[in-house]
Amino acid sequence: MARREILAAAAAIVLICAGGAQAAPASPGAGMPAPIVFFDIAGTDIASQAAFYKAVFDWDAAPDGRLTVPVASPLPGNLRLEAANQGPVAERVLYIGVPDINAALETIKAHGGSVVFGRMAVPGVVIVALFKDPAGNRMGLVEMSGGKPIVPPAK
């Protein structure tokens, strides 16, 4: 993901988490947007994926992989443009709010994940990082406090 796309995604996260967007309706209809109602994280071993997400984010998964996690509401999102020669083009990235990105990245590495890029403060926007889980899924982190993204001072 290029820095420009990271900044655009970060700005969208802050805008929506800070209440700058309208909540999606409970059910789609004429003129109403459809809500996201489910997500999945692929891997070759449910037990090891469940152990990773439990250790890192305290998410409890059932033996069959079912889990329920807290979400921001409305759930922020972003469509991003990424050149084919800059990395994965067809992917989705979930950004997970944590109080300390550096501590989360250490826990991620200790449980078989890897760092794509470390903690990056985007002045006036947000603090983010990107990691891969043990199955290779790219995921993001947003540093949060009091239920909101931390916005570092603008330069």
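Visitor: In this chain, what share of the contacts with a separation of 6 or more comes from residues 24 or more positions apart?

Guide: Residues 24 or more positions apart account for 61% of the contacts in the chain with a separation of 6 or more. The model is a predicted one, and buried residues make up 31% of the 155 residues in its chain.

Visitor: Which elements does the chain have, and in what order do they run from the N terminus on?

Guide: The chain has three helices and five strands, and from the N terminus on they follow the order α-α-β-α-β-β-β-β.

Visitor: Turning to helix 3, which of its residues are buried, and how should I read their spacing?

Guide: The general idea is that an α-helix has 3.6 residues a turn, so residues three or four places apart point the same way. In helix 3, which covers residues 101–110, the buried residues are Ile101, Ala104, Leu105 and Ile108. Seen down the axis of helix 3, these buried residues fall within an arc of 100 degrees, so they line one face of the helix.

Visitor: How does one describe the packing of two helices, and what are the values for helix 2 and helix 3?

Guide: Two packed helices are described by the angle between their axes and the distance between the axes. Here helix 2 and helix 3 pack at an angle of about 155 degrees, with their axes 9 Å apart, and that angle makes helix 2 roughly antiparallel to helix 3, since angles over 145 degrees are counted so. Helix 2 passes helix 3 in a right-handed crossing. On the side of helix 2, Phe52, Ala55, Val56 and Phe57 take part, and they meet Ala104, Thr107 and Ile108 in helix 3.

Visitor: What is found at the N-terminal end of helix 3, and what just after the helix?

Guide: Asp100 caps the N-terminal end of helix 3, with a side-chain oxygen 3.0 Å from the backbone nitrogen of Asn102. Just after helix 3, Gly112 takes a positive phi of about 95 degrees.

Visitor: Which residue other than glycine has a positive phi, and is that residue buried or exposed?

Guide: Asp58, a residue other than glycine, has a positive phi, near 65 degrees. Asp58 is placed in the loop between helix 2 and strand 1, and because its relative accessible area is 53%, Asp58 is exposed, the cut-off for that term being over 50%. Pro74 lies in that loop between helix 2 and strand 1 as well, and the peptide bond from Ser73 to Pro74 is cis, with omega near 5 degrees.

Visitor: Where is Gly118 placed, and which residues does Gly118 touch?

Guide: Gly118 is in strand 2, and at 32% relative accessibility Gly118 counts as partly exposed. Leaving aside residues up to four places away in sequence, Gly118 touches Leu105, Val128 and Ala129. Between Gly118 and Ala129 there are 5.0 Å in space, C-alpha to C-alpha, for a separation of 11 residues in sequence.

Visitor: How far apart are Val151 and Val126, in sequence and in space?

Guide: Val151 and Val126 are 25 residues apart in sequence, and their C-alpha atoms are 4.6 Å apart in space. Val151 belongs to the segment after strand 5 (148–149), and with a relative accessible area of 40% Val151 is partly exposed.

How values were computed:
Residues are numbered from 1 along each chain as its sequence is written. This is a predicted model: local features need pLDDT of at least 70, side-chain atom pairs count only at pLDDT 80 or more; totals for chains, interfaces and linings use all residues. Side-chain values use heavy atoms; hydrogens and water are left out. Buried means under 20% relative accessible area, exposed over 50%, partly exposed in between (1.4 Å probe, protein chains only). Helices (H or I, at least four residues) and strands (E, at least two) are DSSP runs, numbered from the N terminus. The arc is that of the directions from the helix axis to the C-beta atoms. A polar contact is a pair of N or O atoms within 3.5 Å; within protein, one must be able to donate a hydrogen and the other to accept it, and residues adjacent in sequence count only if both atoms are side-chain atoms. Contact means heavy atoms within 4.5 Å. Axes are lines fitted to C-alpha atoms, for helices over the stretch in contact, and angles run from 0 to 180 degrees between N-to-C directions. Angles under 35 degrees count as roughly parallel, over 145 as roughly antiparallel, 65 to 115 as roughly perpendicular and the rest as oblique. A crossing is left-handed if the near helix is turned anticlockwise from the far one by less than a right angle, and right-handed if clockwise.
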